[in-house]
Amino acid sequence: MNKNIFSLKGKVIVVTGASGLLGREHCDAIASCGGTPILLDLNQSVLNVQIEQIKKRYDIDARGYTVNITDEGEIEKNCQKTAGQPNP
């Protein structure tokens, strides 16, 4: 695959359900194309392991946050938290 066509370099992409079967694949695809995945899921310890794997494999500064996306208040707090951080 020609990764230049699918380059995500300089892009930050939020993935909900990041530790699930499809979420993991999406995060890997984003990182493999140079993007920075922001992982959202319910279990921080699982996210931490996944983030370390992404960092080692792709040398990408991935981040992860515990968020219940069915709770609007949690979503708003997360948006404020992530928007206030510099791009990796």
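## The sheet

Strand 2 (residues 36–41) and strand 3 (residues 63–66) run parallel, joined by four bridges. Helices (H or I, at least four residues) and strands (E, at least two) are DSSP runs, numbered from the N terminus. Leu40 has Tyr65 in strand 3 as its bridge partner. From strand 2 the chain passes through helix 2 to strand 3, a right-handed β-α-β crossover. Right-handed here means that, with the strands pointing away from the viewer, the path from the first strand over the helix to the second runs clockwise.

This is a predicted model: local features need pLDDT of at least 70, side-chain atom pairs count only at pLDDT 80 or more, and totals for chains, interfaces and linings use all residues. Residues are numbered from 1 along each chain as its sequence is written, and side-chain values use heavy atoms, without hydrogens and water.

Three strands make an open sheet in the order 1-2-3, with parallel pairing. Strands pair if DSSP finds at least two bridges between them. Strand 1 (12–16) and strand 3 each have a single partner strand, so one side of each lacks a neighbour in the sheet.

Five bridges link strand 1 and strand 2. Ile13 stands opposite Pro37 in strand 2.

## Two helices in contact

The axes of helix 1 (residues 21–32) and helix 2 (residues 44–58) come within 10 Å and cross at roughly 30°. Axes are lines fitted to C-alpha atoms, for helices over the stretch in contact; angles run from 0 to 180 degrees between N-to-C directions. The two helices are therefore roughly parallel (angles under 35 degrees).

How values were computed: Parallel < 35°, antiparallel > 145°, perpendicular 65-115°, else oblique.
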